[in-house]
Amino acid sequence: MDFNIYTDNAMTESEILDILSDWNFWGNFDQELQQRPIYLLRIEQLVSRKTATIILGIRRAGKSSVVSLLIKNRFEAHAEKKNSCIINFEDPRFFAPLSSKDLFDFYEVYEKNLEPSNPLLVLDEVQNVKGWEKFVRFLIETKHVCVIVTGSSSKLLGKELSTVLTGRHVDIEIFPLSFKEILNFKGIETPSAIEITKQKLKIRRLLDEYVAWGGFPEVVLEDSIVESENC
């Protein structure tokens with residue numbers, strides 16, 4: 001039987017589970033994602049039960065995609081899908097404003113229904129939730145859960161983060177694609193001098209697009225500049 005976890009604008013357990021399912025590989029999430037090995041390796045090294053991993057960056061730099069890739073790589077290496085949970089706080093189906101109390105309720109729904117062992121919890125765009133720092137501290141100190149937090153650099157680096165999570169977080173900043181990453185995205189991996197000569201026109205076109213449009217992944221992955229303009 002479903003239960004209400006809100007006193008106002010109550011959501012049921014099944015409604016919360018439906019939302020979580022849409023953002024997780026154990027549910028309905030299935031999206032093609034491009035590898036960004038430099039960031040993936042570094043984040044994998046930082047993830048710990050003792051500290052929260054804070055992933056910072058401007059909007060559309062690819063923070064959420066990198067975290068999804070990390071989890072996908074893990075279960076493809078035989079980790080159980082149920083042992084990770086992404087909560088995307090930009091999902092409009094969540095009632096606003098959210099608080100740390102809501103985070104406890106969301107985690108309870110995940111824990112009850114998936115019964116994870118050694119879970120990795122991702123709080124995506126968590127700056128939208130008041131008091132999230134206290135919830136993260138609780139998970140680390142009491143539940144010994146691995147926690148990854150993503151959000152805007154300007155909104156996460158505040159006084160509350162410094163006081164509540166002092167000594168309990170490590171930060172990494174993700175930037176839009178470098179030109180080398182763009183070449184890799186387009187199938188030109190670390191080209192030799194000969195390869196550069198062979199694909200000179202393509203590389204020059206990509207460089208012109210990079211100068212004009214920058215390295216935001218969603219734009220780079222469009223089939224053409226025209227499609228990018230029409231987004």
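A residue is buried when its relative accessible area is under 20%, exposed when it is over 50%, and partly exposed in between (1.4 Å probe, protein chains only). By that rule Lys130 is exposed, with a relative accessible area of 70%. The model is predicted, so local features need pLDDT of at least 70 and side-chain atom pairs count only at pLDDT 80 or more, while totals for chains, interfaces and linings use all residues. Residues are numbered from 1 along each chain as its sequence is written, and side-chain values use heavy atoms, with hydrogens and water left out.

**Overall build**
- The protein has 12 helices and 7 strands. Both are DSSP runs numbered from the N terminus: helices are H or I with at least four residues, and strands are E with at least two.
- Buried residues make up 44% of the 231 residues.
- The protein exposes about 12800 Å², and carbon and sulfur atoms supply 52% of that area. Accessible areas come from the Shrake-Rupley method with a 1.4 Å probe; for residues, only the protein chains shown count as cover.
- A contact means heavy atoms within 4.5 Å. Among contacts with a separation of 6 or more, 76% join residues 24 or more positions apart.

**Strand β2**
- Why is β2 largely enclosed by the rest of the structure? Because 5 of its 5 residues are buried.
- Both faces are covered: Ser84, Ile86 and Asn88 are buried on one side, and Cys85 and Ile87 on the other.
- β2 pairs with β4 in the parallel sense, over 5 bridges. Two strands pair if DSSP finds at least two bridges between them.
- Cys85 stands opposite Leu121 in β4.

- Lys130 sits in strand β5 (residues 129-130).
- Leaving aside neighbours within four places in sequence, Lys130 is in contact with Leu98, Ser99 and Ser100.
- Pro97 is 33 residues from Lys130 in sequence, yet the two are 7.9 Å apart in space, C-alpha to C-alpha.
- Arg36 lies in the loop between α1 (13-21) and α2.
- Is Arg36 buried or exposed? Arg36 counts as buried because its relative accessibility is 3%.
- Not counting residues up to four places away in sequence, Arg36 touches a list of residues including Ala61, Val66, Ile174, Phe175, Glu181 and Pro217.

**The largest pocket**
- The largest pocket has a volume of about 760 Å³. On a 1 Å grid over the protein atoms alone, a pocket is an open set of points where a 1.4 Å probe fits, with protein on both sides within 12 Å along at least five of seven lines; lining residues have an atom within 4 Å of a point. Points are joined across faces, edges and corners, and a volume is the space filled by probe spheres set on them.
- Its lining has 28 residues, and the closest to the centre are Gln31, Arg60, Ser64, Ser65 and Glu218.
- Helix α3 gives the largest share of this lining, 7 residues.
- By class, this lining has 12 nonpolar, 7 polar and 9 charged residues. Nonpolar means Ala, Val, Leu, Ile, Met, Phe, Trp, Tyr, Cys and Pro; charged means Asp, Glu, Lys and Arg; the others, Gly among them, are polar.

**The second largest pocket**
- About 240 Å³ of space lies in the second largest pocket.
- Of its 12 lining residues, the closest to the centre are Gln35, Pro37, Lys180, Glu181 and Asn184.
- The elements that give two or more residues to this lining are α2 (37-46) and α8 (179-185).
- Helix α8 gives the largest share, 4 residues.
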